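Have a look at the model before reading on.

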Amino acid sequence: MKRKKNDFSEFIAISVIIARAKHWALIIFPLCFFFISCNGSKKQSAGQEVNEVKLQTEDILFPVSEVLNLKSYYLSSYFHNDSLSLIYGYNYKSHALDCMDLKRHQISQILLSSQGESAVMRSVAGLFIQTPDSIWIYDDTQRILLINGDGKLLKTVDLRPELKDNEQILINTNHAISTARLFYDGGRHSLLYGIKDFSTSPVTFKVRETFLNSMTPSVDYLLQPSVAVTNVSGRDYGNMSDLNITFTAEKLLYNYPVESHVYVMDRKSGEQKVFEADSRFTKNVVEKCESGNYEQWERHNIENPHFYDLMYLPQTGMYARLHLGGIEFDATRDILNLMDDRDLYLTFFDKDFVVVGEAKLPSHRYNYFTGWMETNDGVALFVDNSLDENEKTEELVLDIVRLQAD
């Protein structure tokens, strides 16, 4: 018997519409021209091709427990130390953080308050695990909250005093649009997050670093525009009008969902580099969307690739990126069915952002609206796809995909 579709797909489809409404409401601000100088694109060595690599996959099954967990999580974050390997996922049904122990195969839960002094709003968009007892949350109220392992509020960082009229906070995990992460820098005692600036034309992006010491002024890091697409914002590329942002202790990593290049900024020097990261399986630049209505955005999303954020794998010193291929649109098929019928690809990069290789992942296995995050040495993906004929269980299943050793 075929498993029922994850109702979160419908939830995400609605959230995309809401997100786009917010986007167009902000565009009414006056725009002026802005230019960012950039370094040249770093090419692969002459004659070097992107090789297909071999992967090894570890399946982790979490037995039924008292925690009413999901099959997959649109927002998740990984924590690792010498004794712990944990994935935290936001459970929108329970308004809780579900903690998945990858070593013990157990799930626990931190219930979040909806009201009172420790209230966290249900529009949770950002999550960073500093420690299991120090968890940073962005709930789309222009505040970043620090809670402990019991859900008690420890600190509130209000971002509004530094936010200019034409700026929008870009902390988002919506795989139909973009993935812009939240990051806590323990060495500098600061929070880093994306900013979308509508005062320029085209719209520009930057990362803002807000220090927990209120006496230290914030720092902005300007991000360069796409080298492949003139203007990613607006109606030209449907839902894919933002960028993906991730962080390491030394670097800002970002890329545009509409094209395959990888962009890296050294936070200390401010130097920016662009690396070619073409796929051997799919197109490497998204085609323009024919019109601005939502039905065309859906079709555009199905027919084109979508490049996701870059993930750092600290044990290996490597990086990984997922991207989704497009398929031919068929008006006789259900939209969610078409979305789940696309193929997912995984690319690995070495420490210098040179492509090591690329592989196609199993079809009809993962949920493209939710599901994945980096681990210490691989990429964890939630097994949850409406077209999966083999996955009968309603239990939580994770695949951890690693590059196979030689």
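**Salt bridges and a cavity**

In this predicted model, a network of salt bridges ties together Glu167, Asp197, Lys206, Arg208 and Asp220.

Q: How many salt bridges does a search of the whole structure find?
A: The network joining Glu167, Asp197, Lys206, Arg208 and Asp220 belongs to this part of the picture. Searching the whole structure gives a total of 23.

Q: Are Asp185 and Arg267, which form a salt bridge, buried or exposed?
A: Their closest N and O atoms sit 2.8 Å apart. The pair links distant parts of the chain, 82 residues apart, with Asp185 in strand 15 and Arg267 in the loop between strand 22 and strand 23. Buried means under 20% relative accessible area, and both residues are buried.

Q: Is Lys288 buried or exposed?
A: Lys288 meets Asp236 in a salt bridge at 3.9 Å, N to O. Asp236 has 30% relative accessibility, so it counts as partly exposed. For Lys288 the relative accessible area is 55%, and the cut-off for exposed is over 50%, so Lys288 is exposed.

Q: Which residue meets Glu287 in a salt bridge?
A: Glu287 is partly exposed, at 48% relative accessible area. The N to O distance in its salt bridge is 3.2 Å, and the partner is Lys283.

Q: Which class has five residues in the lining of the second largest cavity?
A: This cavity has a volume of about 40 Å³. Its lining includes Ala176, Leu324 and Phe369. There are three polar residues and one charged residue, and the class with five is nonpolar.

Definitions and conventions: Residues are numbered from 1 along each chain as its sequence is written. This is a predicted model: local features need pLDDT of at least 70, side-chain atom pairs count only at pLDDT 80 or more; totals for chains, interfaces and linings use all residues. Side-chain values use heavy atoms; hydrogens and water are left out. On a 1 Å grid over the protein atoms alone, a cavity is a set of points where a 1.4 Å probe fits but cannot get out, and a pocket is an open set with protein on both sides within 12 Å along at least five of seven lines; lining residues have an atom within 4 Å of a point. Grid points are joined across faces, edges and corners, and a volume is the space filled by probe spheres set on the points. Ala, Val, Leu, Ile, Met, Phe, Trp, Tyr, Cys and Pro count as nonpolar, Asp, Glu, Lys and Arg as charged, and the others, Gly among them, as polar. A salt bridge is a side-chain nitrogen of Lys or Arg within 4 Å of a carboxyl oxygen of Asp or Glu. Helices (H or I, at least four residues) and strands (E, at least two) are DSSP runs, numbered from the N terminus. Buried means under 20% relative accessible area, exposed over 50%, partly exposed in between (1.4 Å probe, protein chains only).
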